[in-house]
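Hi,

Here is the structure I promised to pass on. Have a look at it first, and then read my notes below.

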Amino acid sequence: MRRILPALLVLVAGTLAGCQQQNFLGPRQPVVQARLTLYAVSRAPTFFPSAIAIGGPTVVAARADLDNAGGAFYDVVVDLETLPGQPTRVKLIPIRAWAQAPTLSFPQVALRAATDDFLRVSRPPDGGYRVDSVTVVDVRQTFFLQTNRCAGGFSFTQEQWSKAIVDSVNVAEGLVRLRVATDPNCGQREFPTTNFPVTP
């Protein structure tokens, strides 16, 4: 028994040390990158895409409504904030702050606005997130998301980390254009391969 315990501890330590490089079932999955064009939710019909949906290796634009069973498969709804004499900003509304249903029916979303360079930042910050609360960001501003619908390989958590930036807004058409990079390896948060060119 005395010989087995040290060997077991070494095995566990080795597994944890390698966690940044691979999942339990194989090599580390690459960062997923997506460009999304969304409609501000207050300015478009409900069948237009107004939400960001992140789950494992999938990042897509989604409708900000509920399905027939009262479920939803999106994380953050977007809208425009236009105040007299102020630049237009983008409102990020987590699903629990948006959907008219018990909050425990939907996964938690945490957001943090930042001043980091979108292309260069390789890891989200540890603290300062707003949980299930509306966050407002400027155009050309980076923000971070922690969502909970990860499905990227075997893991003890559904926590998924992403970074994003608002590239542009079109107030007349109610459009918001974003870039999103997400780490599909559940519980991990590294962005070593993001290389988006700037959106024209």
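**Phe143 and its surroundings**

Leaving out neighbours within four places in sequence, Phe143 is in contact (heavy atoms within 4.5 Å) with Leu92, Leu111, Arg112, Ala113, Ala114, Val137, Ser162, Lys163, Ala164, Ile165, Val166 and Leu178.

Before you go further, please keep in mind that this is a predicted model: local features need pLDDT of at least 70, side-chain atom pairs count only at pLDDT 80 or more, and totals for chains, interfaces and linings use all residues. Residues are numbered from 1 along each chain as its sequence is written, and side-chain values use heavy atoms, with hydrogens and water left out.

**The core**

Phe143 turns up again in the largest nonpolar core, where Tyr74, Val90, Leu92 and Phe143 have the most contacts among 35 residues. A nonpolar core here is a set of buried Ala, Val, Leu, Ile, Met, Phe, Trp, Tyr and Cys residues joined through side-chain atoms within 4.5 Å; buried means under 20% relative accessible area, using a 1.4 Å probe and protein chains only. At least two residues of this core come from each of S3, S4 (49-55), S5 (58-63), S6 (76-81), S7 (89-94), S11 (142-147), S12 and S13.

For the protein chain as a whole, 41% of the 200 residues are buried. Of its contacts with a separation of 6 or more, 58% are between residues 24 or more positions apart.

**Strands and sheet**

The protein chain has 2 helices and 13 strands, taken as DSSP runs numbered from the N terminus (helices are H or I with at least four residues, strands are E with at least two). An open sheet with antiparallel pairing is formed by 6 strands, in the order S3-S13-S12-S11-S8-S9; two strands pair if DSSP finds at least two bridges between them. Its edge strands, S3 (32-39) and S9 (130-131), each pair on one side only. Inside the sheet, S12 (residues 160-170) and S13 (residues 175-183) are antiparallel partners over 9 bridges.

**The disulfide**

How many disulfides does a search of the whole structure find? There is 1, counting pairs of cysteine sulfur atoms within 2.5 Å. Cys150 is joined to Cys186, with S to S at 2.1 Å. The two cysteines are 36 residues apart and link distant parts of the chain: Cys150 lies in the loop between S11 and S12, and Cys186 in the segment after S13. The disulfide is left-handed because the torsion about the S-S bond of Cys150 and Cys186 is about -90°. Both Cys150 and Cys186 are buried.

Best wishes

Notes
Buried means under 20% relative accessible area, exposed over 50%, partly exposed in between (1.4 Å probe, protein chains only).
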